[in-house]
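Please keep the model open while you go through them.

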Amino acid sequence: MLVGSAIVDIVMYVDQLPERGGDVIATGASQEVGGGRNVLTAAARQGMRTAYAGRLGTGPFGTQITTTLRSEDVELVVPPVTDGDSGFCVALIEPDGERTFATSMGVEAHLSERDLAMLKVRPEDMLYVSGYDLAYPHGASIADWLSRAPDPQLIFDPSPLVDLIDSRVLGTVLRRTRWLSLNEREAEVLGDQVRPLAGMVVRTGRRGCTVVQDGRSEDVPGFPVDPVDTNGAGDAHVGAFAAALARGDDPVVAARAANAAAAIAVTRRGPASCPTLRETVEWLKRRR
């Protein structure tokens, strides 16, 4: 279950970012549902049942998100908001696959205590929370709800906004985290705060990732590919990792599957580009 937000990604492919005050003509563009949807899609394609516990608007963006999630058999837990629309993100993708974001928040950023009270979490349920949502106005509400949840199987991805999260909110969520999934910069920002955690997956780009658990770390090599779009690569990784853990895989085995899923994802355009479980398994067989 994803506790947080989904938005619409307006993606534009550019030869280079414009200078300040400048302009640039995109070589291609698309409008797709992104944000939390990317993780949900990745987990679902990897064989996991998924649910979205976040607000949805009733304007054009909210309608697009609702339609997309329903088409992917994602359970919608919180009723739509009738007096506002969902937010959107403009993503500029350069030829090497690197992406630059600017986000406008909508109703998804204001998940209320009443909304959260609707969530019924069982011990076997796995929760996912992003740092984007902890930096949003509803961050404190999510943290307070997690502090009362009965031993959640929480996967937390602090996101590039980790240094904007209120320290109390961040500390509360870290204390409830079962697995932390993050990149090298985010790990550096968090520093010693992550030491008490049960497990951590540090994504290292082309090199793969490092799994840290019970004081031991193991590098899990990545797979060399030629990326065309890195937008959503981290989401594909964490979604595939969560699905593998839910299947009962060892964390290192799960991390290898996540590396493969992310490698395939960056060779495809679009934020929700995670492969299916069958594709991932076949891809790994060819690389033994």
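Predicted model: local features only at pLDDT ≥ 70, side-chain atom pairs only at ≥ 80, totals over all residues.

**Notes on pockets, strands and selected residues**

1. Residues are numbered from 1 along each chain as its sequence is written, and side-chain values use heavy atoms, with hydrogens and water left out.

2. Ser273 itself is found in the loop between helix 9 (251–265) and helix 10 (277–285), where helices (H or I, at least four residues) and strands (E, at least two) are DSSP runs numbered from the N terminus. Is Ser273 buried or exposed? Ser273 is buried, because its relative accessible area is 6%, and the cut-offs are under 20% for buried, over 50% for exposed and anything in between for partly exposed (1.4 Å probe, protein chains only). Leaving aside its neighbours within four places in sequence, Ser273 is in contact (heavy atoms within 4.5 Å) with Arg45, Ala265 and Arg268.

3. The largest pocket holds about 1200 Å³ of space and is lined by 48 residues, of which Arg99, Thr230, Gly232, Ala233 and Gly234 lie nearest its centre. On a 1 Å grid over the protein atoms alone, a pocket is an open set of points with protein on both sides within 12 Å along at least five of seven lines, a cavity is a set of points where a 1.4 Å probe fits but cannot get out, and lining residues have an atom within 4 Å of a point. Grid points are joined across faces, edges and corners, and a volume is the space filled by probe spheres set on the points.

4. Which element gives the most to the lining of the largest pocket? Helix 8 does, with four residues, and among the other elements that each supply at least two are strand 2 (6–13), helix 1 (36–45) and helix 9. By class, this lining of the largest pocket divides into 16 nonpolar, 19 polar and 13 charged residues; Ala, Val, Leu, Ile, Met, Phe, Trp, Tyr, Cys and Pro count as nonpolar, Asp, Glu, Lys and Arg as charged, and the others, Gly among them, as polar.

5. The second largest pocket has a volume of about 400 Å³, and of the 16 residues that line it, Arg49, Ala51, Glu75, Arg122 and Asp125 lie nearest its centre. Its lining has eight nonpolar, one polar and seven charged residues.

6. A search of the whole structure finds one cavity of 30 Å³ or more, and the volume of the largest cavity is about 140 Å³. Its lining is made of 16 residues, with Met1, Val39, Ala43, Met48 and Tyr128 nearest the centre, and helix 1, strand 8 and helix 8 are the elements that give two or more residues to it. The lining of the largest cavity comprises 13 nonpolar, two polar and one charged residue.

7. Strand 9 (residues 153–157) is mostly covered, since four of its five residues are buried. Strand 9 pairs with strand 8 in the parallel sense over five bridges, two strands being paired if DSSP finds at least two bridges between them, and Tyr128 stands opposite Ile155 in strand 9. Three bridges also join strand 9 to strand 10 (residues 177–183), again running parallel, and in strand 10 the bridge partner of Leu154 is Thr177.

8. Phi of Asp73 is near 60°, a positive value, and Asp73, in the loop between helix 2 (60–71) and strand 5 (75–76), is exposed at a relative accessible area of 68%. Phi of Ser159 is near 70°, also positive, but Ser159, in the loop between strand 9 and helix 6 (167–176), counts as buried at 3% relative accessibility.
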